[in-house]
Amino acid sequence: MTGLRYVYAVCRPLGAPLQAELTGVAGAPPKLLPHHGLIAVVSHVPERDFAEEPLHAHLEDLDWLSETARAHQGVIDALTVVTTPLPLRLGTVFRDDSGVRVMIEAREEEFRRTLDRLEGRVEWGVKVYAEPESEPAEQPAGKAASGRDYLLQRRQRARAHEDQWQKAEEFATRLHETLSAYAEAAKLHAPQNAALSGASGRNVLNAAYLVPRRYSEEFVELVDRTKDDPRAEASGLRVELTGPWAAYSFAGEVTEGAQE
């Protein structure tokens, strides 16, 4: 079949088939390309969109990028149900099957070592958001406080906000320590930018946890209990759990996009 090879992930032979109607990037169904006992999960994609120059141009198109990222993630999610995938970077493309096989051979030892480490494990994401307290209403016209009183009120509000953020960060630190002790590995990510994520509140914890699949139910219950913590409710904190995901945060350096 003609076309370039878009690579989603490398994994070991699947224990169960992928969904029959699964489609991936550019609407193409994912195929399994076996080599040296490993499997590259690929789709055949058109050169007009995925050759080097048009691909670079498309990556600047947010609508195209969002659609492609959803399709890419859909295949990774389907793989996570039936195996432990090692996801590759969005936009990893090779000229043909031979290029994919060369890539596998070049990194075979690394792939096997990483797959051994991640076998039977999934990633869970936990975020904590702090909602700022609402500002008190301004004094009505004609009843303004003196300049000295106004400055005093401003300082008191600033101190109250500082106390709120400190309590939020202390809660997030305790939660991260608790979850890290339960998980096999943990990783802190930079706080999310609210303007980009669209989530309300200040992101005070953005962390990933590597958990054996068989212990995932207990991990979820542990996170759920924190949502009822009176300290969280009193401080206006919101705890969000996402997953299970393929272990992106613990896979190490992923393969760069390439065309050979």
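Visitor: Which residues touch the most other members in the largest nonpolar core?

Guide: V126, V128, L175, L179, L205, Y209 and F219, out of 23 residues. A nonpolar core is a set of buried Ala, Val, Leu, Ile, Met, Phe, Trp, Tyr and Cys residues joined through side-chain atoms within 4.5 Å; buried means under 20% relative accessible area, exposed over 50%, partly exposed in between (1.4 Å probe, protein chains only). Keep in mind that this is a predicted model, where local features need pLDDT of at least 70, side-chain atom pairs count only at pLDDT 80 or more, and totals for chains, interfaces and linings use all residues. Residues are numbered from 1 along each chain as its sequence is written, and side-chain values use heavy atoms, leaving out hydrogens and water.

Visitor: Why do the buried residues of α5 line one face of the helix?

Guide: In general, nonpolar side chains in soluble globular proteins tend to be buried together. Here, E108, F111, T114, L115 and L118 are buried in α5. Seen down the axis, they fall within an arc of 135 degrees, so they line one face; the arc is that of the directions from the helix axis to the C-beta atoms.

Visitor: How many aromatic pairs are there?

Guide: Six. Rings of Phe, Tyr and Trp (its six-membered ring) pair if their centres lie within 6.5 Å; planes under 30 degrees apart count as stacked, over 60 as edge-to-face and the rest as tilted. Take Y6 and Y8: their centres are 5.0 Å apart and their planes at 55 degrees, so that pair is tilted.

Notes
Helix = DSSP H or I, 4+ residues; strand = E, 2+ residues; numbered from the N terminus.
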